[in-house]
Amino acid sequence: MSKLAISGGERLRQSPFTEWPLATDDEKAALGDVLTSSKWGGQPFPGKHAVAFAKKFAEVHTAKFGQCVNTGTVAIQAALKAIGIQPGDEVIVPAYTWEGTVGPVLLLNAVPVFVDIDPDTYCLDAKLIEKAITPKTKAILPVHLGMRFADMDQILDIAAKHKLKVIEDCAHAHGGMWKGKGAGSMGDLGAFSFQSSKLITCGEGGAVITNNLEYLEKVQSYINAGRASVTDQFHHRIIGFNYRLGEFQAAVLGPQLDRLPAQAKVREENMAHFEGRLEGAPGIGLLKPDPRITRLAPYGFVLKYFSKQAKDIARAAFVAALQLEGVPCDGLFYEPVYKSSLFPVDPADFPALSWGREQPLDLRKMYSCPESERAAYQEAVWFPHQLFLGGKKDVDAIADAIEKVLANIEELRGLDHKAIRDQRLSRADRES
Ligand SMILES: Cc1ncc(COP(=O)(O)O)c(C=O)c1O
């Protein structure tokens, strides 16, 4: 008789996990305030809720200045603009990340240079950066991915040595601390996303933080249709766009920022319990802990699945079996961006790829980053952060489901199921 739910057995987890996003009376009150204020947009600039949130958000991350924008992708684009990225400049990016880390580089007609990830953290491997530096390199764009930090000590040293700027992509790192310094406050600028899956969300939104007033002013002009910044000490006049955050969105961010420390504590405790439960599980590995991460900001819990130690059953079947047991998770969550179907680079759209060359750079074919490919296509399993916002019982259910699937893994051999077929597809190519 089948034991696994995917092959007809009883589902292990019957009830849903904590929902995300969470809405409380505080969000309702803030939304009501905007509704009756007659100031719904981000104009006059910046809106009351947006400015209050940005100030506190910067403080929480030990930065001087903060500015809300309308998405995380725009936050990266505005940060690149602030540091003066010009057409043809090269920007070093990790290969394993969301496409939105890389798109803004191309949009400014600059050239992304992919560097592989460190298998211990799944973040940009600082040891490989110097090999990728050329006279055209202007910036490094590390991503604090999943539940770890890119090695900011090494990255800042390399940046200082080669006179490069650093933009931290902190889309996964709200509230995170590296040696007591907030995510996004160590590089020249930090870029955050408030898209609906993130640790703080307003559906769609983003923010930039920095310690440099000139950068803040450039960001403000760029996202406010080129208007003078609020302080205008540097008198930059640039072509800008309307990338402002509306007040309804800004209003729901404040209460979440207040709740973040308590939630971070619950997640951290639950994740520690989960790691304890997984110790010694065959076929399961963990990312390496790093004592320099002084406050964990886990966008998701990321583990490693080693199919060789699990009777050669591929990750797609393992993940699909977990999903059918009632545990939301994903394997092919990210791909090396250069292989992603969301990265159809046409050199005609990005002229810098052809400058000084007979043939344009073919970003889709010129890279092979083995660690990124291993994480993307074989190893990584991502569990959304809200699974760790409930009690220990929730965490035990996830661990029990993993144990159950591993104990009955033979049932997955040769099995055909839509959930398994879906897991072989990129997220963008799945039906739901
Ligand atoms: C690592 C990373 N960078 C950038 C982004 C872009 O953020 P947004 O979706 O808000 O544009 C995201 C989020 O989706 C992300 O996960």
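**Figure 1. The segment around P21.** P21 is found in the segment before helix α1 (25-35); helices (H or I, at least four residues) and strands (E, at least two) are DSSP runs, numbered from the N terminus. W20 and P21 are joined by a cis peptide bond, with omega about 0 degrees. The model is predicted: local features need pLDDT of at least 70, side-chain atom pairs count only at pLDDT 80 or more, and totals for chains, interfaces and linings use all residues. Residues are numbered from 1 along each chain as its sequence is written, and side-chain values use heavy atoms, with hydrogens and water left out.

**Figure 2. The loop that holds P44.** P44 lies in the loop between α1 and α2 (48-60). The peptide bond from Q43 to P44 is cis, and its omega is near 5 degrees.

**Figure 3. The backbone at N109.** N109 is a residue other than glycine with a positive phi, near 60 degrees. The loop between α4 (103-107) and β3 (111-115) contains N109.

**Figure 4. Residues around the ligand.** The ligand has 16 residues around it, and G72, T73, D169, S193 and K198 come nearest; a residue is near a molecule if one of its heavy atoms lies within 4 Å of it. Helix α3 (residues 72-82) gives the largest share of this shell, three residues. By class, the shell has five nonpolar, nine polar and two charged residues. Here Ala, Val, Leu, Ile, Met, Phe, Trp, Tyr, Cys and Pro count as nonpolar, Asp, Glu, Lys and Arg as charged, and the others, Gly among them, as polar.

Figure 5. A polar side-chain atom of D169 lies 2.7 Å from a ligand nitrogen atom. A polar backbone atom of G72 is 2.8 Å from an oxygen atom of the ligand. In the side chain of T101, an N or O atom is 3.4 Å from a nitrogen atom of the ligand. Taken alone the ligand exposes 380 Å², and the protein buries 92% of that (accessible areas from the Shrake-Rupley method with a 1.4 Å probe).

**Figure 6. The salt bridge between R292 and D151.** The side chains of R292 and D151 form a salt bridge at 3.2 Å, N to O. This pair links distant parts of the chain, 141 residues apart. R292 is in the loop between β10 (284-286) and β11 (293-295), and D151 is in the loop between β4 (137-140) and α6 (152-162). A salt bridge is a side-chain nitrogen of Lys or Arg within 4 Å of a carboxyl oxygen of Asp or Glu, and the count by this rule is 27 salt bridges.

Notes: Polar contact = N/O pair within 3.5 Å; in protein donor to acceptor, adjacent residues only side chain to side chain.
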